[in-house]
Amino acid sequence: MANPNAVCNGHLHHHHHQKQNNLLKSGIYKKNGITKGMKKNGVSNGTLYKKTFIEHFEQAPMYVAVLTFLGFGVGTVFGYLRDFMRAWGLEKRHIAAEREQQKDFVPLYQDFENFYTRNLYMRIRDNWNRPICSVPGPQFDLMERVTDDYNWTFRFTGRIIKNVINMGSYNYLGFAETDVNALKTVTIELQKYGTGICSTRQEMGTLDKHVELEKLVAKFLGVEDAMVFGMGFATNSMNIPALVGKGCLILSDELNHTSLVLGARLSGATIRIFKHNNMQSLEKLLRDAIIYGQPRSHRAWRKIIILVEGIYSMEGSIVRLPEIVSLKKKYKAYLYLDEAHSIGAVGASGRGVVEYFGMNPDDVDVLMGTFTKSFGAAGGYIAGKKDLVDFLRTHSHSAVYATSMCPAVAEQIIRAMKCLMGQDGTTQGLQRVRQLGKNTRYFRRRLHEMGFIIYGNDDSPVVPLLLYMPGKIGAFARRMLEKNIGVVVVGFPATPITESRARFCVSAAHTREMLDTVLNALDELGDFLQLKYSRYSKASHPELYEETRLELED
């Protein structure tokens, strides 16, 4: 289970020191190596962070962990019982199985590897892959489906569940919309260019619309150049292999997205994992890499590159960018920052974690982000120095082989980005960013007050609410849908076995009434399912929320 972790930088008057030490002992805060009166990586802590940085990773009571393991144990026992019944024909077998004629061959299907899927996931499968039939805005319409065989198959009833409050989509700024006036320029470009390019960027697939978008992205981020790609996942998985290879070292956060992990594996570089947002773990790997070099030969690494995300989509935590930049400068490494969930979502004007921490974009060697979330579109970008982007135009697998971005999609991104930059002649973009911040802080504060355990940073619009027990995953999602609220629930193996959760994504398009409806439903359901595990709600420690600048000491 994750350790409780709330990190605060700044200053705290002497009479508060004992209070913080007591809280550290109780488990609500964890220092993560920030100490009073010392310098971190040659830079004073006071100069590293320009604002309070608070993250919550509260540990659940011991009985919750015991009951969670017990729940999985009971599920496993009944799983073996059902497998026994299927083997003897007492229960219908819905799953794949090796043919009797092939029993002497190398098996194509490993029965045991599917054990969890067929015996636990299938029982709650109705909570995933629900088809919607409207724009995924703050509310959506859902196609009702039912099952007659315990979720092995579904059939649609023909009924549409209207106006379900959407708490699962990454529509952070509310640009997933169908307003005719807002989409006017997109409609014009669709009529002008059509729907597809049918070619790659290096052949016949570079349009004036792509050039315009890339210039705008570079200007928005404050860097020399940028390149856009048609798929966000491939932006990572197809570009990392172009940047590093054999003889290079990748230092990757343990909670990095699958696209980063796949890109790292495809590169052929050596990969080493550091603990999530843990600077001591990262610095140890950097130091060892410099001292010992490559295995066996002990030659110096050709490149050392650090892979991190801006906002971690399953934890809701924000990268400790100032400290990572300080480390990468100290050890002469490169930094690759994935801002898929942070671009548009944090920062005074939506320019991501670089702006959030008040840092220089030049401090990050490779800026990556996607347009699939805050911009209500599709695709991704790589930005930075012109030499970097020119290199990728030639060597990127995505540029050489992938079809170019649809022109209408490019126009949607341009429309949203110009809105954020104020180039549309309004302040609507800035208002959306501010509204997202207000909604995020309000939603998180209320959940804390109710007594739920939630993970992540106070400014992160990704809000994981811990459910823990496997039986509560399905019950939670079904009960919320009964109240016309759509949520995303996540369990093992996508999360640690003891940390099943519901993940809420707050949007600027959510009204206060919508959020209050969700919060009231959560308050009622939290009591019904006994989900309020937190021992450190705001009501218990009001002083923690009054302090604006804190410093923790050994």
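A residue counts as buried here when its relative accessible area is under 20%. With that cut-off in hand, welcome to this predicted model.

**Helix α11**
- The buried residues of α11 are L321, P322, E323, I324, V325, S326, L327 and K328.
- Just after the helix comes K332, with a positive phi of about 60 degrees.

**The sheet and its helix**
- Strands β14, β17 and β16 make up an open sheet in the order β14-β17-β16, with antiparallel pairing.
- Since β14 (462–468) and β16 (488–490) each have a single partner strand, they stand at the edges, so one side of each is left without a neighbour in the sheet.
- From one strand to the next, the twist averages 25 degrees.
- Six bridges join β14 to β17 (residues 500–505) in the antiparallel sense; as an example to look up, L466 has R501 in β17 as its bridge partner.
- Helix α16 (residues 428–450) packs on this sheet and touches β14 and β17. The direction of α16 makes about 25 degrees with that of β14.

**A nonpolar surface patch**
- On the surface, Y63, L67, L70, V74, V77, F78, L81, F84, W88 and L90 form a nonpolar patch.
- Together these patch residues have about 1,100 Å² of accessible area.
- One of them, L70, lies in helix α3 (residues 62–87).

Key: Residues numbered from 1 in each chain as written. Predicted model: local features only at pLDDT ≥ 70, side-chain atom pairs only at ≥ 80, totals over all residues. Heavy atoms only, no water. Pairing = 2+ DSSP bridges. Helix = DSSP H or I, 4+ residues; strand = E, 2+ residues; numbered from the N terminus. Axes fitted to C-alpha atoms, helices over the stretch in contact; angles between N-to-C directions. Contact = heavy atoms within 4.5 Å. Buried < 20%, exposed > 50% of the residue type's maximum accessible area, 1.4 Å probe, protein only. Patch = residues over 30% accessible without salt bridge, like charges linked within 9 Å, V, L, I, M, F, W, Y side chains within 5 Å. Areas by Shrake-Rupley, 256 points an atom, 1.4 Å probe, with all protein chains shown as cover. Salt bridge = Lys/Arg side-chain N within 4 Å of Asp/Glu carboxyl O.
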